[in-house]
Amino acid sequence: MLDNIFKKSKNSQDQDLKDKDTLIQYLTKHAPDLKFIDFTTSYAVRTFIFKATVPSLIKSYLSQNMRYILDAVLETNGCNVNADAGKIIIYAPRKEKETLYLGDGIEKIKTIPKTGDITCYVGENTVGESVFIDMEKENHMLIAGQSGSGKSTCIHNIILTLLLRYDKNECIFYLADPKSDLTRYDSIPSVIRTADKKSEILNLTEALINEMKSRQDEMKSMKLIDWNKKHPDKTKSHIVFIFDEIDNIIGKNVSDEVSNVIKGHILTLVKQGRSAGIHVILASQRPVKANLDTSIKSEIKARIALKLDTPTDSRIMLNQSGAEKLTGDGDAYFTNGDVPKRIQVAYAEWDEIDAAISSLKASR
Ligand SMILES: Nc1ncnc2c1ncn2[C@@H]1O[C@H](COP(=O)(O)OP(=O)(O)O)[C@@H](O)[C@H]1O
Ligand SMILES: [Mg+2]
């Protein structure tokens, strides 16, 4: 149905294979303990993988100084180094980025069978595999990135691919967004409620709390999947609650009565929502302690870090610096507690998104 709306990407041949030789030659000479394993090119970055044959040297490759050296050798700005299971992974920004379009993911999400999951498509990893995120497995998710880094784009991917994959009986949506971008999904049957003003967001979170309590009363401590199997006549949809740009509403510097109540609701939802089939996805510009409540953060293990302002923001999201060096435009790290993996978030243009929404409204 949505096939003809979205653009598809064509990932052209890398023009910077030269850089690959340059870096391998340099490291062969200056870091002979690193043995080259693999090189791949993605939309925004090249990825070099080396085996670290002297474990005691690994730490030295993770230094700021090493990043400067790599940037100098490759004439880039923003090389990152990670260590994972005895390997050194170097991410080097490409000199010319390409765009990954959502059309690719729209096609792919249809090919994976449904197994009680709530799976959306976000983008691709550095070896060209699709990144699908199963909210049933991850439970909740935090997205962070400075203004313009691609948070809302990522949220549209999540909403659109879920809408494509699940009907109203499987997954319904509550969408809050002070910037009003998400109100455009209003009147799609699966979208129960959208809100942009603070008072409306309060009503929305209140409605979610009530729904959660009523489900808990009815289902006792049963999981949603088990309940649905046992009560085919009274099945319940998963609820995906997405809140974009939370900072202006529940950031630390806002402490009026309404904000505090909304904050409390969100904490309750991330703590207790799971059993009721409620998944919370929050997007923030600044995840630091001074802004985003630590108790909310600590309940959310799955994280997408887009380009962030500072190494401190990065450490809060990923347990390591590096997200401050991302190149923007959907260049990101994903983690659910493990070593963060570099991903490219897909992109859809407004006319594509709006055409998809019209089609979804008309089709039901
Ligand atoms: N995944 C992406 N691929 C390519 N360009 C992107 C991507 N994400 C964002 N952009 C570019 O950045 C702009 C801002 O993105 P947006 O998602 O609105 O950022 P945010 O919500 O973080 O402020 C987009 O209009 C687009 O030009
Ligand atoms: Mg935005």
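In this predicted model, Glu124 stands opposite Gln344 in β14. That pairing belongs to strand β5, which three bridges join to strand β14 (residues 341-345) in an antiparallel arrangement.

**Strand β5 and its partners**

- Strand β5 covers residues 119-125 and is mostly covered, with five of its seven residues buried.
- Strand β6 (residues 130-134) is also joined to β5, by five bridges, and the two strands run antiparallel.
- Within this pairing, Cys120 stands opposite Ile133 in β6.
- The hairpin of β5 and β6 has four residues between the strands, and Gly128 takes a positive phi there, near 85 degrees.

- Contact between the domains involves 12 residues of domain 1 and 11 residues of domain 2.
- On the side of domain 1 that touches domain 2, the elements giving two or more residues are β2 (45-52), β3 (80-84) and β4 (87-93).
- Of these, β3 gives the most to that side, with three residues.
- By class, the side of domain 1 that touches domain 2 has five nonpolar, six polar and one charged residues.

- β4 pairs with β2 in the antiparallel sense over seven bridges, and Ile88 in β4 is the bridge partner of Phe50.
- β4 is likewise joined to β3, by five bridges and with the strands running antiparallel; here Ile90 in β4 is the bridge partner of Val81.
- β3 and β4 form a hairpin with two residues between them, and Ala85 in the turn has a positive phi of about 50 degrees.

**The largest nonpolar core**

- The largest nonpolar core has 100 residues, of which Val240, Phe241 and Ala305 touch the most other members.
- Helix α6 gives the most to this core, with seven residues.
- The core draws at least three residues from each of domain 1 and domain 2.
- Leaving aside neighbours within four places in sequence, Phe241 is in contact with Tyr174, Leu208, Leu269, Ile278, His279 and Val280.

**The surroundings of ligand 1**

- Ligand 1 is surrounded by 14 residues, and the closest are Gly150, Ser152, Thr153, Gly330 and Tyr347.
- Helix α6 (residues 151-165) gives the most to this shell, with three residues.
- The residues of the shell divide into three nonpolar, nine polar and two charged.

**Helix α12**

- Helix α12 spans residues 311-318, and its buried residues are Asp313, Ser314, Ile316, Met317 and Leu318.
- These buried residues pack against β7 (141-144), β12 (302-305) and β13 (331-335).
- Asn319 follows α12 and has a positive phi, near 70 degrees.

**Individual residues in helix and loops**

- Glu107 is placed in helix α4 (residues 102-109).
- Glu107 counts as partly exposed because it has 15 C-beta neighbours inside 10 Å.
- Glu107 and Ser180 are 73 residues apart along the chain, and their C-alpha atoms are separated by 28 Å.
- Asn139 is in the loop between α5 (135-138) and β7, and its phi is near 80 degrees, a positive value in a residue other than glycine.
- With 18 other C-beta atoms within 10 Å, Asn139 is partly exposed.
- Ser187 lies in the loop between β8 (171-176) and β9 (191-195), and its phi, near 75 degrees, is a positive value in a residue other than glycine.
- Ser187 counts as exposed, because it has 12 C-beta neighbours inside 10 Å.

Methods:
Residues are numbered from 1 along each chain as its sequence is written. Chains are lettered from A and ligands numbered from 1 in the order in which they are written. This is a predicted model: local features need pLDDT of at least 70, side-chain atom pairs count only at pLDDT 80 or more; totals for chains, interfaces and linings use all residues. A residue is buried if 20 or more other C-beta atoms lie within 10 Å of its own, exposed if 12 or fewer, and partly exposed in between; C-beta atoms are placed from the backbone. Two residues are in contact if their C-beta atoms, placed from the backbone, lie within 7 Å. A residue is near a molecule or strand if its C-beta atom, placed from the backbone, lies within 6 Å of it. Ala, Val, Leu, Ile, Met, Phe, Trp, Tyr, Cys and Pro count as nonpolar, Asp, Glu, Lys and Arg as charged, and the others, Gly among them, as polar. Two strands pair if DSSP finds at least two bridges between them. A nonpolar core is a set of buried Ala, Val, Leu, Ile, Met, Phe, Trp, Tyr and Cys residues joined through C-beta atoms within 7 Å. Domain bounds come from an automatic or database domain assignment.
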